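Here's a quick briefing to keep open beside the viewer. Have a look at the fold and then work through the topics below.

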Amino acid sequence: MTATEHALEIARTAARAAVGKLAKDPVAFDVSDRLAITDVFLIVTAGNERQVGAVVDAVEEALLKEGVKAVRREGDRENRWVLLDFLDAVVHVQHAEERALYALERLWKDCPRLDLGPLDESAAE
């Protein structure tokens with residue numbers, strides 16, 4: 001099984017929005033063979049708690065414009081690691097220290113990495 005096109009579009013839109021708020025190192029994995037609950041994990045890094053919040057808000061806003069709403073949002077009190085669950089895709093916005101500590105890329109390294117395409121603002125239009 002592979003990630004659906006809808007899941008890929010959610011991840012790409014979320015990644016563009018995150019990068020638009022200066023998030024770093026976006027990476028997406030096709031986890032559809034390993035998990036029944038979602039197809040794609042997107043991981044991005046923010047430099048501080050305020051930026052984590054800004055990235056989360058930008059991702060939710062961008063996807064809401066596409067008619068996609070998060071069904072769950074966790075971790076937004078501390079803004080160190082916020083998880084946004086869009087059913088087909090899950091977005092992890094992590095503070096740089098949490099990303100290094102939890103190393104989600106290492107945990108999901110056996111899953112295929114997905115091409116997010118161009119992530120600059122002009123590519124979204």
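Arg80 sits in the loop between strand 3 (72-74) and strand 4; helices (H or I, at least four residues) and strands (E, at least two) are DSSP runs, numbered from the N terminus. Keep in mind that this is a predicted model: local features need pLDDT of at least 70, side-chain atom pairs count only at pLDDT 80 or more, and totals for chains, interfaces and linings use all residues. Residues are numbered from 1 along each chain as its sequence is written, and side-chain values use heavy atoms, with hydrogens and water left out.

- Leaving aside residues up to four places away in sequence, Arg80 touches Glu49, Gly75, Val93, Gln94, His95, Glu97 and Glu98 (contact means heavy atoms within 4.5 Å).
- The Arg80 side chain makes a polar contact with the side chain of Glu49, at 2.7 Å. A polar contact is a pair of N or O atoms within 3.5 Å; within protein, one must be able to donate a hydrogen and the other to accept it, and residues adjacent in sequence count only if both atoms are side-chain atoms.
- Glu98, one of the residues that Arg80 touches, is found in helix 3.
- Glu98 is buried, with a relative accessible area of 15%. Buried means under 20% relative accessible area, exposed over 50%, partly exposed in between (1.4 Å probe, protein chains only).
- Besides Arg80, Glu98 touches Trp81 and Ala103, again not counting residues up to four places away in sequence.
- The C-alpha atoms of Arg80 and Leu35 are separated by 24 Å, and these residues are 45 apart along the chain.

**The overall fold**

- The protein has 4 helices and 6 strands, and they run α-β-β-α-β-β-β-α-α-β along the sequence.
- Its radius of gyration is 13 Å, close to the 14 Å from the globule rule for 125 residues, so the protein is as compact as a globular protein of that length. That radius is taken over C-alpha atoms, and the globule rule is 2.2 Å times the number of residues to the power 0.38.
- Buried residues make up 49% of the 125 residues.
- Of the contacts with a separation of 6 or more, 64% are between residues 24 or more positions apart.

**Helix 1 and helix 2**

- Helix 1 (residues 5-20) has 16 residues that should span 22 Å at 1.5 Å a residue, and its end C-alpha atoms are 22 Å apart, which agrees. The expected span is 1.5 Å times one less than the number of residues.
- The buried residues of helix 1 pack against strand 2 (40-46), helix 2 (49-65), strand 5 (89-95) and strand 6 (113-114).
- After helix 1 comes Leu22, with a positive phi near 70 degrees.
- Helix 2 has 17 residues and reaches 25 Å from its first C-alpha to its last, close to the 24 Å expected.
- Asn48 caps the N-terminal end of helix 2, with a side-chain oxygen 3.1 Å from the backbone nitrogen of Arg50.
- Just after helix 2, Gly67 takes a positive phi of about 85 degrees.

**Nonpolar cores**

- The largest nonpolar core has 32 residues, of which Val40, Leu42, Val59, Phe86 and Val91 touch the most other members. A nonpolar core is a set of buried Ala, Val, Leu, Ile, Met, Phe, Trp, Tyr and Cys residues joined through side-chain atoms within 4.5 Å.
- Helix 1 gives this core its largest share, 8 residues.
- A second, separate core of 10 residues includes Phe29, Phe41, Ile43 and Val90.

**Aromatic pairs**

- The whole structure holds 2 aromatic pairs. Rings of Phe, Tyr and Trp (its six-membered ring) pair if their centres lie within 6.5 Å; planes under 30 degrees apart count as stacked, over 60 as edge-to-face and the rest as tilted.
- Phe41 and Trp108 pair edge-to-face, 5.1 Å centre to centre with 85 degrees between the planes.
- Phe41 is in strand 2 and Trp108 in the loop between helix 4 (104-107) and strand 6, so this pair links distant parts of the chain, 67 residues apart.
- Trp81 and Tyr102 form a tilted pair, 5.1 Å centre to centre with 50 degrees between the planes.
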